[in-house]
Amino acid sequence: MTDSARHKAEIIVAAAMERKAEDPLLLKVDRLTTIADYFFLCSGRSTRQVQALAGHIVDRMRNVWGFKPLGVEGLTPGLWVLIDYGEVI
């Protein structure tokens, strides 16, 4: 696990909370898997809020911190969204 991973995770959590994410959960998984160091999970009250949460996280990570996602899945339906930042999913 790197300081970079923790930094990314903290930015993602803060961005989600700015958009009123519900039930935030940051899991440190570096000893359980090699895919990532952290998994962040949260909920939204509607598909629109889920889309807004994901969009805000992507915008904040890119525009403020210069981090681009490796992939984004599920954004259009908005029932769930997975954003992959390598060390943080």
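From the N terminus on, the protein chain runs α-β-β-α-β-β. This is a predicted model, where local features need pLDDT of at least 70, side-chain atom pairs count only at pLDDT 80 or more, and totals for chains, interfaces and linings use all residues. Residues are numbered from 1 along each chain as its sequence is written, and side-chain values use heavy atoms, with hydrogens and water left out.

Student: How many helices and strands are in the protein chain?

Tutor: Helices (H or I, at least four residues) and strands (E, at least two) are DSSP runs, numbered from the N terminus. On that basis the protein chain has two helices and four strands.

Student: What is the radius of gyration of the protein chain, and what does the globule rule give?

Tutor: The radius is taken over C-alpha atoms, and the rule is 2.2 Å times the number of residues to the power 0.38. For 89 residues the rule gives 12 Å, and the chain comes close to that, so it is as compact as a globular protein of that length. Its radius of gyration is 12 Å.

Student: Is Q49 buried or exposed?

Tutor: Buried means under 20% relative accessible area, exposed over 50%, and partly exposed in between (1.4 Å probe, protein chains only). Q49 has a relative accessible area of 11%, so Q49 is buried.

Student: Which residues is Q49 in contact with, leaving aside its neighbours within four places in sequence?

Tutor: Contact means heavy atoms within 4.5 Å. K20 is 29 residues from Q49 in sequence, yet their C-alpha atoms are 8.7 Å apart. Q49 is in contact with R19, K20, A21 and G44.

Student: What covers the buried residues of α2?

Tutor: Those buried residues are Q49, V50, L53, A54, H56, I57, V58 and M61. An α-helix has 3.6 residues a turn, so residues three or four places apart point the same way. The cover includes α1 (3-18), β2 (38-43), β3 (71-73) and β4 (82-84).

Student: Which residue just after α2 takes a positive phi?

Tutor: Helix α2 ends at residue 64 in the range 47-64. Just after α2, a phi of about 80° is taken by G66.
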